[in-house]
Each structure stands twice: as structure tokens, then as C-alpha cells.
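Hello,

My notes follow below it.

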Amino acid sequence: MAFLATHLLASIFGILGNIISFCVFLAPLPTFYRICKKKSTEGFQSVPYSVALFSCMLLLYYGYLKTENGMMIITINSIGCVIETAYLVIFLIYATRESLISTVKLLALFNILSYGLIVVVTTLFVTDHGPKQVAIVGWICAVFSVCVFAAPLSIMRLVIKTKSVEYMPFSLSFFLTLCAVMWFFYGLLIKDYYVATPNVLGFIFGVAQMILYVIYKDKNKQVRPMVQPKGEPAETLVDLGAVLEIQEKPRVEMGVVLEMQEKPVGGHEAGGEKKEEVGKVCLDLDGEMTVIPSVA
């Protein structure tokens, strides 16, 4: 009875792991839609997709070698190989010359040379084609599964450096974390520690990425420029927008001549001198009036 319950739980976690892993593979779709739309890879890197493809190929080989409980691994990693290959093709089409060369070198190193070497060595030089071969390939898969989860560390470094999460989608980090949980329990229930162990680190890396996203998601908002007026204390800031708004207000000047008779000193009214006093009135649009008197 306990065996049936364990087998049932393992099947449930395996199916959920397949579904969520499929969502992980589809998570970069907005990124590649943006690349296709702008016809440029911008600041995106091909490292996560190259490593993910290599990991899928290794796990596919591992699932093929397993005599039992290998179907869940074969199914999702076959789909993963197709999707990751499509991503890399799109990346290569729109990549700059420098990115194109580095991506081709990466694919040649991992997906051709390293993978071919692993298959040849484990097939020709491992005499026991049973548990020993599975164990060797299992350990190799565990190491590179960790690399899949660690591959976004380069993106995390970019996030910290630029204080922007533009190139680290939250959806990808969330599904990676959820995927790690499902495959950990699946590996634990079927006693496949080559599957369970790397997903512990996968969970840690996924949580770290989500924390970074929360910290830096609002850091790239633009702030209105502020200037400090000359002669003011360092703490005083003036809003540039407000200053420009005041300077652009039109002013209307009108001259008003005020005439007045002054009585001459000493009571000589007939010989009184006529003086003109001119006042300059500045009227702004706010209705405020400033009188600047002057004598002509």
C-alpha cells in the first residue's frame, strides 16, 4: 500500500514537473518576440539557452539509459531540445557578429564536442552497461543541471551592475523555482538522487533571482532633473521644470506718465517749476502689478 502511494505521488510530481518545465521552456517567448520585433538581441545573452540545450540532451541520454522511471525524463527533455534549438536559431539570426561567434563557439564546445565525448566514452569504455553507466551519466547530468540553474547568474550580475531587471524576466525565475521543487520531490520519491540533488541549488538560485527582481524592479524609473541654484545651500534643490515654467511666462510692460504740480519753495507759486514724474508699470499674467518709479 505504501509502495502504491509512493508510486502515485511520484507520478503526480513527475507530471507536474513536465507541465511546469514546459512553462519554463516557454517563459523566454516574450524575450524572443522582442528580439524578432526589434531585429536585435540587444543586451540578451545566449549562455542560458546553450547550457539548457546541452542539459536537455544529457538528460535525454540519461533517461534512455534508465531501465525504469525514465519516461518522464525522456518526454520533457525531448520537447526541451526542440524549443531551445528554436531559441538559439532565432538568436543567431539577429545576433551581432561578436555574439554570433561566441554562441557558435559555445555550441561547438558543449553540444558537439562535450556531448559527443560523453556518449562515446560511456558507450565504448564503460564495460558495465547497467547501473555503472547510469551512475556515471547521472553524475554528469547532476553537474550540468546545476549549470542550467547557475547560468542566469550572469544575468543576475548584470542586474546588480545596471540596477535594472530589464533582461531578467520574473516569469522565468518563478517557473525555475517551481520546477526545481517538483523535480526534487520526484527524484526523492523514486530514489533518484541524480535528479533530486541539483534541484536543491535550483531552488536557491531561483529564490535569489526573485529577490533581486523585487529589489531592483523600480530602480530604473526616470527622475525629473533637478538643479541647485548658485549661492544656495547644498540641501536646497530647485525643480527645473518649475523654473522653466516661470521663465517662460510672458510679461507685458506699459509706460504710464504721471504729471503732478509741486508748489515752489518759499511760496512763489507763479514761478513754480513743473515736474513730470514717470512711473513704469509691469503687469504680469497673474494679475500682479509692480510699479518701478523713475524721474524724467
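Asparagine 69 sits in the loop between helix H3 (47–65) and helix H4 (71–94). Helices are DSSP runs of H or I, at least four residues, numbered from the N terminus. This is a predicted model: local features need pLDDT of at least 70, side-chain atom pairs count only at pLDDT 80 or more, and totals for chains, interfaces and linings use all residues. Residues are numbered from 1 along each chain as its sequence is written, and side-chain values use heavy atoms, without hydrogens and water.

Asparagine 69 is not a glycine, yet its phi is positive, about 60°. Its relative accessible area is 31%, so asparagine 69 is partly exposed (buried is under 20%, exposed over 50%, partly exposed in between; 1.4 Å probe, protein chains only).

Lysine 163 lies in the loop between H7 and helix H8 (170–189). Its phi is also positive, near 55°, and lysine 163 is not a glycine either. Lysine 163 is partly exposed, at 46% relative accessible area.

Next, helix packing. Helix H7 (residues 153–162) packs against helix H9 (residues 193–216) at about 20°, with axes 11 Å apart. Axes are lines fitted to C-alpha atoms, for helices over the stretch in contact; angles run from 0 to 180 degrees between N-to-C directions. H7 is therefore roughly parallel to H9 (under 35 degrees; over 145 is roughly antiparallel, 65 to 115 roughly perpendicular, the rest oblique).

Last, leucine 9. This residue is in helix H1 (residues 2–26). Leucine 9 is partly exposed, because its relative accessibility is 41%.

Best wishes

Key. Helix = DSSP H or I, 4+ residues; strand = E, 2+ residues; numbered from the N terminus.
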